[in-house]
Amino acid sequence: MRDLLPRYASLGEPLTCEPVAQGLLNRGYRLATTRGEFFLKHHLDGDREAIARQHGATRRLQALGVPVAPPVADSDGDTVTVLGGRCYALHPWVHGRHRDGAQLGPVGSRRLGALLGLVHICLEEVMGRGPAADHPSADPVDTFTLIDDLLARARKRRPRDSFDELAEHRLRERRHLIEEHAHRRPPPQDAGGWVHGDFHPLNLLYRGKEPAAIVDWDRLGVQPRAEEAVRAAVIFFVRPAGELDLDKVRAYSRAYRGATGADPAELAAAVHRVWWERLNDFWILRWRYQLHDRRADPQFPAASALAVWWTREYEAVCEAFAG
């Protein structure tokens with residue numbers, strides 16, 4: 001604080017600085033000063049140029065009416081502070097709360113889809129279309145190698161617990177499903193646009209029923225836009241047992257398509273690619289067994305059940321997004 005705050009002439013004197021519990025990829029602090037409250041973000045990746053690009057994007061998005069919380073500039077007009085090789089940024093503290101799909105009704109689901117559509121349209125305006133790039137789909141050969149590694153690690157854990165038992169069951173089950181559906185692997189996707197990159201409930205704050213701010217733009221990048229729409233819906237509207245609330249998905253998707261002009265075929269193709277991605281995805285188990293990081297463990301039961309349910313209900317999911 002002694003080195004950071006003097007760079008911001010308008011902040012006043014520090015009163016308190018408390019860690020924020022939520023967040024997996026960066027460190028955050030709630031900073032109170034004599035001039036107000038702020039969110040102090042420690043960017044663990046330390047890429048100053050990328051962080052500055054994110055900051056510039058959010059400032060331009062705010063001017064277009066997108067609910068964001070652009071950073072506070074220091075006395076020299078910079079929004080990224082580097083101290084000891086570490087990158088920091090200050091943002092206004094947004095008073096609000098997170099809402100997952102269970103807390104959204106039909107109207108809220110439509111507003112969510114329209115909001116993400118607005119983000120994509122406005123990002124294209126402020127960032128351009130983005131460079132062309134191939135987006136390959138997961139290779140089953142690599143997935144099977146990973147499954148073997150994770151299975152070995154799960155079986156060696158001592159003492160074993162119910163998580164390890166579930167992990168072993170899901171890994172065996174998933175290998176069978178991938179073998180059964182390997183012929184459905186989607187081809188590389190070359191179309192893309194600028195996307196938020198991590199649009200989920202913990203990165204969206206509400207004030208009452210209205211979105212107050214979309215935060216955490218660390219993964220701003222070029223990806224197939226409709227796939228972000230599908231990924232976001234899957235996170236917001238998954239139920240604890242691993243099923244999707246398809247009525248809410250339908251309302252959300254129609255609003256997204258209305259905002260962006262995306263056609264049903266584009267959404268159907270995105271559903272297929274994200275389904276395949278989820279079938280081959282084991283990031284939570286990689287964190288637990290390879291990185292020895294258990295923070296994502298609570299997400300595993302629903303996430304692992306979803307891949308199985310989605311495979312069984314594939315046509316119904318496609319209809320909800322594209323119908």
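Author: Contact means heavy atoms within 4.5 Å. This is a predicted model, in which local features need pLDDT of at least 70, side-chain atom pairs count only at pLDDT 80 or more, and totals for chains, interfaces and linings use all residues. Residues are numbered from 1 along each chain as its sequence is written, and side-chain values use heavy atoms, with hydrogens and water left out.

Reader: Which residues touch the most other members of the largest nonpolar core?

Author: A nonpolar core is a set of buried Ala, Val, Leu, Ile, Met, Phe, Trp, Tyr and Cys residues joined through side-chain atoms within 4.5 Å. Buried means under 20% relative accessible area, exposed over 50%, and partly exposed in between (1.4 Å probe, protein chains only). The largest core here has 70 residues, and those touching the most other members are Leu 112, Leu 123, Phe 199, Val 230, Leu 285 and Trp 310. Helix H2 (residues 106-127) gives the largest share of this core, eight residues. Helices (H or I, at least four residues) and strands (E, at least two) are DSSP runs, numbered from the N terminus. A second, separate core of 10 residues includes Tyr 8, Leu 40, Val 72 and Tyr 88.

Reader: How many disulfides does a search of the whole structure find?

Author: A disulfide is a pair of cysteine sulfur atoms within 2.5 Å. The search of the whole structure finds zero. For Cys 87, the nearest cysteine sulfur is that of Cys 17, 17 Å away. Cys 87 is buried, with a relative accessible area of 2%; Cys 318 is buried as well, at 12%.

Reader: Where does Pro 140 lie, and which residues does Pro 140 touch?

Author: Pro 140 lies in helix H3 (residues 140-156) and is buried, with a relative accessible area of 12%. Not counting residues up to four places away in sequence, Pro 140 touches Ile 178, Arg 185, Trp 276 and Asn 280. The C-alpha atoms of Pro 140 and Arg 175 are separated by 9.0 Å, although these residues are 35 apart along the chain.
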